[in-house]
Amino acid sequence: MTPTPLTAWIEGVGFIAPGLPDWASACAVFCEKTALTAAASILPVPSILPPAERRRASRVVKLALAIGLEAAAHAEADISTLATVFSASGADGHNCHALCEQLASDDRQISPTRFHNSVHNAAAGYWGIATKAMAPCQVICAYDASFGAGLLDALGQVVIDQQITLLMAYDSEYPEPLYSKRNVPDCGGVALLLTPEKTARSQARITVSPTSATADTMTNPELEKLRTRIPALRSLPLLQKLARGEAGIICLDYLPPMQLNVDLQPC
Amino acid sequence: MNPLLLSSYTATTSLGHGLDALLAGLREGRSGLQPCAFETVRLDTWIGEVAAVDAEKLPKSLARYDCRNNRLAQLGLEADGFAGRVRAAIARYGKSRVGVFLGTSTSGILQTELAYRQRDPASGALPDDFVYRTTHNFFSLTEFTRDYFGLEGPAMAISTACSSSAKVFAVAARQLASGLIDAAIVGGVDSLCLTTLYGFASLQLTSPTPCRPYDIARDGISVGEGAAFALLERAPDKPPAGSILLLGTGESSDAYHMSAPHPEGLGAKMAMAAALRSAHLNAADIDYINLHGTATPANDAAEGKAVAALFADQVPCSSTKGATGHTLGAAGAVEAIVCALALQHDLLPGSPNTENLDPTIPLQYLTQSRSGKVRHALSNSFGFGGSNCSLVLGVTQ
């Protein structure tokens, strides 16, 4: 069969990384208008959640909600209608640590909230409660390849199901002793609102295809460190070109030897 | 959607290893549940444990993946000649043209639970031989399977709690439709661990007896484990008679509560309706429904309302969790394979342990297995966080 190109238009972007609290501040650094200053990631309080869920919202939930809402607002999209793809290299690391610690103790009576927060789709569940979105919601993990995996399924929904889809790729840290085994340093993530048709709000068109080429890297060593240490930020070479309004083909890390070529054409 | 062929499939549950054991168990109305004696777990509940999981030895080159979940995965892959059929497909299409899409809710978390008992008393460090990436991480099962077959194509884990391995069929179908791949290994594996056993107990969702789906006295789930796989390929124009096809997928979100279903089953109804639309079928075309039917009071009441709203009491239906236990992230795939067996053998599976049906749920519920013509079957899977997925399968005449 003739393959259908995996093409979508980007209408909105959400972004959080250490020292980069939103997409506008990331754009300023990508365009070399400001320098990247070392700082911990800032996670906004998810005011969209009802009070009970807001109290239970962990760092990873705050992160996913913040980037998703930023991208949707950027695109002026109706969040209650969006299909969503959540992709993360792990779930809530702090919650996982607390559960494992208690299950290794004499008192194994874990809290029900800890248990339901342990599922990989906790952020997706909170998103649904917050937005009332009943559209399909996919929750993916591919370890360091999680951004590419999420992008592939989001494009599948856009191209095959002709569905406007919000991709949220994000990662959060584990505390010790798991941190020594998996050293994601802080929270970071990107959200892309992807549409099947070009609209007045479209910023760029992307077409993704497999390749065995070597992934692009960031010339700024601090940004390169973020790219390699926070899996969702394997997207940085694409985001930098998008911020600069440049056209071109970017190779992103996925599952070596399979990498993803992204043909980016600004609108 | 364009129909996809399940060119090979297999399932391993507490009823036994492979399809023959599952089919015989379903026909005889047998339950694989036993009082919980797993590891050091002390809970008054029953579980569906797969025999001889820990006797499974991974190949030396894949030793880093060694954990209960991947042992169960290998046991499942090697049943019914499934691995051989996968290798034949790889030879046909190439190692970059076969994708891997697998569901799990807890992956190899048991490995981390055990490692936390062996922390260094001074530093608190985890033992040196504990490898997070290839055991605990949600991707471990998928990466193990990809490496087991030496594949170089797309792969991802889907983890939406108890709908995980139903949703993999939808994900794989999109990539097959786009032409990125020519075949997909789909399925799910979840294995017993302390997190889920103590976790469901903390929510007071585990039953002290073998679970009784749709019974008036139902009082919770029996946690199970399982491994189920299918090889999906684009269906030829005229598949041979007796071919099992994936005809439709439907997904929705409850947007209601983290660990309780929408009381009217609204999300469930949307997922079933979407699956029927995707299959270009009407409710009257469905001959059997494999219910999610966890045997919690809330799930069965909500699902019952949703199914009754779409199908009234016209379609024979049952939950097979009284036979296998709730295999959590593997349930979607296990029960898709139950539907495949129902289609292939004209079997309407019953519901072991269910004795007195809940009279407030107006469904044509099967307590006993019997034969009956099955041309199209629908399978429901719902998960924490309000994640719903329904699949429609059919058999060519």
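Colleague: Hi! What share of the contacts in chain B with a separation of 6 or more comes from residues 24 or more positions apart?
Modeller: Those residues account for 80% of them; two residues are in contact if their C-beta atoms, placed from the backbone, lie within 7 Å. Keep in mind that this is a predicted model, where local features need pLDDT of at least 70 and side-chain atom pairs count only at pLDDT 80 or more, while totals for chains, interfaces and linings use all residues. Residues are numbered from 1 along each chain as its sequence is written, and chains are lettered from A and ligands numbered from 1 in the order in which they are written.

Colleague: Thanks! How many helices and strands are there in chain B?
Modeller: Chain B has eleven helices and 16 strands. These are DSSP runs numbered from the N terminus, with helices (H or I) of at least four residues and strands (E) of at least two.

Colleague: And what percentage of chain B is buried?
Modeller: Buried residues are 67% of its 397 residues. A residue is buried if 20 or more other C-beta atoms lie within 10 Å of its own, exposed if 12 or fewer, and partly exposed in between.

Colleague: Why does B:Leu43 count as partly exposed?
Modeller: Because B:Leu43 has 18 C-beta neighbours inside 10 Å. You'll find B:Leu43 in the loop between strand E2 (34–35) and strand E3 (46–48) of chain B.

Colleague: What does B:Leu43 contact, leaving aside neighbours within four places in sequence?
Modeller: B:Cys36, B:Leu197, B:Ala201 and B:Thr206. The C-alpha atoms of B:Leu43 and B:Leu197 are separated by 8.1 Å, although the two are 154 residues apart along the chain.

Colleague: New topic: which way do the residues of strand E5 in chain B point?
Modeller: In E5 (residues 155–158), B:Ala155 and B:Ala157 point one way, B:Met156 and B:Ile158 the other, and all are buried. In a regular strand the side chains alternate between the two faces of the sheet.

Colleague: Which strands are joined to E5(B)?
Modeller: Strand E4 (residues 98–103) of chain B runs parallel to E5(B), with four bridges, and B:Val100 stands opposite B:Ala155. From chain A, strand E3 (residues 137–141) runs antiparallel to E5(B), with two bridges. There A:Ile140 partners B:Ile158, and A:Cys141 partners B:Ala157. Strands pair if DSSP finds at least two bridges between them.

Colleague: How many residues does each chain bring to the contact?
Modeller: Chain A brings 56 residues and chain B 55 residues. On the side of chain A that touches chain B, H7(A) gives the most, with seven residues.
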